[in-house]
Structure formats: C-alpha cells, structure tokens
Amino acid sequence: MKVAMATGQVIFQRFYYSKSLVRHNMETTAMGCICLACKIEEAPRRIRDVINVFNHIKQVSCQKPIQPVILDQNYVALKNQVIKSERRVLKELGFCVHVKHPHKIIVMYLQVLGYEKNRALMQQCWNYMNDSLRSDVFLRHQPETVACACVYLGARQLQLPLPSSPPWFSLFKVNESAIRDVCRRILRLYYRPRVKPEQLEKKVEELRRQYEEARTKARGGDVDSHTPSPPLPKHHNAWGGFISRSGTHAVPERTKSPRRSKSTSTSPSKGEGAKHNKRKKHASRSRSRSHSHGRSRKPKKAQRRRSGSHKSSRSRYRSHSRSRERDSEKSSKHRSKHRRH
C-alpha cells in the first residue's frame, strides 16, 4: 500500500503540473489519484474506503470530533465526482501512468558505496525520499538523480564521507548541478510555514471567485444562464471566432448580382413568350419520351431473351417428338412387311 501511496502522489503532481488548483478541486482529485494508484499497483481499494480515510484525516487535522461518513445524497455525489476525477486524470496524462520509484535504487547505490549495513543512513535517505514526494522533483529530474540527492543529504546529515576522486555520483551518470537542485527543493519543504486546511480552503475559494469574475469580464459582463444567448455575428465561424478578420484575413463580402429590370424594352412580347413556352413544353415532352423509351428498352430485351429461350426449348421438344413419331412409323412399316413375308 505504501507503493500505491507514492504512485498516487506522483500522479497528483503530474496532473497539477498542467492543470489549475483553482479550477479542479484538490481533495476530489487526490481521491481519484489514490484510487487510480491502487489499481496500478494491484492493491485495489473501494472508493468508500478512500472517502472514509480522507474524512478521518481531515477531522483529525482540524481537531474536530470524529464522525463516520453518512451514506446520503452528498456521499453519492462525492463518489461520482471521484470517479469523474479519475477519468479526467487518465485523459490528461494520456494513460501514461507508469512511475519508477527510486527507493530500490537507493538500496543499490548504498550497496555500491559500501554503506548497505548502515541502517541509520538507509533510514535517513528513505525519509528524504518520502518527503520529496511532496514536491515536483519527480517531474523535473530522473529517479536516479533523486536517489543520488537523497544519499547526498543523508550522508551530509550523518557526516559520513563519500568518495570524491573521482566523484561517486559520476559512477551513476548524474550531474552535480542536478543533485544540488534536487537538494534545494527538498530542503525548502522544511522551511514552509504550516497552513491550516481551513485557511487553504478559503484562499482557494477566493482565487476561484477572482477567476470567475475575470472570466465573466472577458466574456463581456455577467450573463445569466437563463437569458437567451445573443445572436451570432454576420461572419461567424465554427471555431468561436479564433480566425482573424482584419487585414488579409478579412472575409470578402459577396456582391449581389443586379436584378433584371421589368421594363417594356427588355421584356419579350406576348407572341414570342407563347412560342418560347411551346418550345419548352415540346423539349420537356421529348426528354420524357426519351427517358421512358430508354428505361423500357432493358425490360423489352429481357422479355425478348426470355421469349426466345422459351421458343427455342419448345421447338427442340417438337422436333424431338416428330423424330420419335417418324421412327415409330418406320418400325411399324417394317413389322408389317415382315409379317406379309
């Protein structure tokens, strides 16, 4: 379960590396990351258990009386939000949720350096590793770099010497500048002022309110959801107006063709109009006849073929029957002659 906890923390940092803490609820996203990490590390837990644990931790940190979660409509809504947040995390990460933890790498590095039996150094490096999960170190550097930084901090804390000629981290193909950067980011965690959850929630709500106000101003004022939407502009495109309409990108207006005037000079006479109508009717009749004639050709051919085949078979039958009659007549004549003789 500890591996699943570490995986959930890394996934949480990856998600908020590109998303806003104001637009997406931090607590719900953390629950979704834990549920997803439990599935990845093959230690599945129910969503109800995750919600109960988060509720218990929240009550303990706020020093409130511990009460169980009531299975009401709010619980069902929270459960659905956790499921949606898990899907959102998967979609944002592109289903690339593999996490390589440097805990085993630390043990291997200490064995190479000859400190595998020093339990104090092992525990100190392990503590730095667990604390680094609270930062974005795993998003900026490789796991091998983080492991070397934890070994470096643990050895400095316990004042243990490490090989310097050549440097011990060059054996693991890690730069000293990267190790120092990781060490600074881990040590900053211990100088952060402790913030209460209530204050953090108030700050997030204030930032969310400011974000909504700025969003409504950018849209052009506070628009009520029940009011009908304004009509679209004349040259509106399907991309929401992202295409520029100034300069060379301006859409040219369509020039309307001038209508024909109904003056007596251009209008034809009555006799000419009657002749023109007669020609049109005659052309339409001839077209309809040609179409009907063309359509009726195919079935006629088929009928002819069928009738021909039928006649050919009938004539064959008649010729065969006639030949039989002739043979029978010849045989009867031959028999009569034989009897006379």
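Me: How do I read burial for Glu-86, buried or exposed?

Reply: Start with the cut-offs: buried is under 20% relative accessible area, exposed is over 50%, and partly exposed lies in between, with a 1.4 Å probe and protein chains only. Glu-86 has a relative accessible area of 7%, so it counts as buried. One caution on provenance: this is a predicted model, where local features need pLDDT of at least 70, side-chain atom pairs need 80 or more, and totals for chains, interfaces and linings use all residues. Residues are numbered from 1 along each chain as its sequence is written, and side-chain values use heavy atoms, with hydrogens and water left out.

Me: Which side chain makes a polar contact with that of Glu-86?

Reply: A polar contact is a pair of N or O atoms within 3.5 Å; within protein, one must be able to donate a hydrogen and the other to accept it, and residues adjacent in sequence count only if both atoms are side-chain atoms. Here the partner is Lys-39, at 2.9 Å.

Me: Where does Glu-86 lie, and what else is it in contact with?

Reply: Helices are DSSP runs of H or I with at least four residues, strands are runs of E with at least two, and both are numbered from the N terminus. Glu-86 belongs to helix α4, residues 73-93. Contact means heavy atoms within 4.5 Å. Beyond four places in sequence, Glu-86 is in contact with Gly-32, Cys-35, Leu-36 and Lys-39.

Me: Which residues is Thr-29 in contact with?

Reply: Thr-29 sits in helix α2, residues 26-40. Its relative accessible area is 2%, so it is buried. Setting aside neighbours within four places in sequence, its contacts are Phe-12, Phe-15, Tyr-16, His-24, Ser-85 and Val-89.

Me: What about Ala-155, buried or exposed?

Reply: Buried, because its relative accessibility is 1%. Ala-155 is part of helix α8, residues 143-158. Outside four places in sequence, Ala-155 touches Leu-121, Leu-160 and Leu-162.

Me: How many helices and strands does the chain have?

Reply: There are 11 helices and 0 strands. Of its 341 residues, 23% count as buried. Among contacts with a separation of 6 or more, 71% come from residues 24 or more positions apart.

Me: How many cavities are there of 30 Å³ or more?

Reply: Rolling a probe the size of a water molecule over the atoms shows where empty space is left. On a 1 Å grid over the protein atoms alone, a cavity is a set of points where a 1.4 Å probe fits but cannot get out; lining residues have an atom within 4 Å of a point. The structure has 1 such cavity of 30 Å³ or more. About 30 Å³ of space lies in the largest cavity.

Me: Which residues line the largest cavity?

Reply: Gln-9, Val-10, Gln-13, Leu-133, Ser-135, Phe-138 and Leu-139. Helix α1 gives the most, with 3 residues. Both α1 (2-16) and α7 (137-140) supply at least two.

Me: Where is the cis peptide bond that involves Pro-166?

Reply: It joins Ser-165 and Pro-166, with omega about -5°. Pro-166 lies in the loop between α8 and α9 (176-188).

Me: What is phi for Gln-63 and for Gln-159?

Reply: Gln-63 has a phi near 55°, a positive value in a residue other than glycine. Gln-159 has a positive phi of about 55°, and is not a glycine. Gln-63 lies in the loop between α3 (47-61) and α4, and counts as exposed because its relative accessibility is 74%. Gln-159 is in the loop between α8 and α9; at 71% relative accessibility, Gln-159 is exposed.

Methods
1 Å grid on protein atoms, 1.4 Å probe; cavity = no way out; pocket = protein on both sides within 12 Å on 5 of 7 lines; lining within 4 Å. Points joined across faces, edges and corners; volume = space filled by probe spheres on them.
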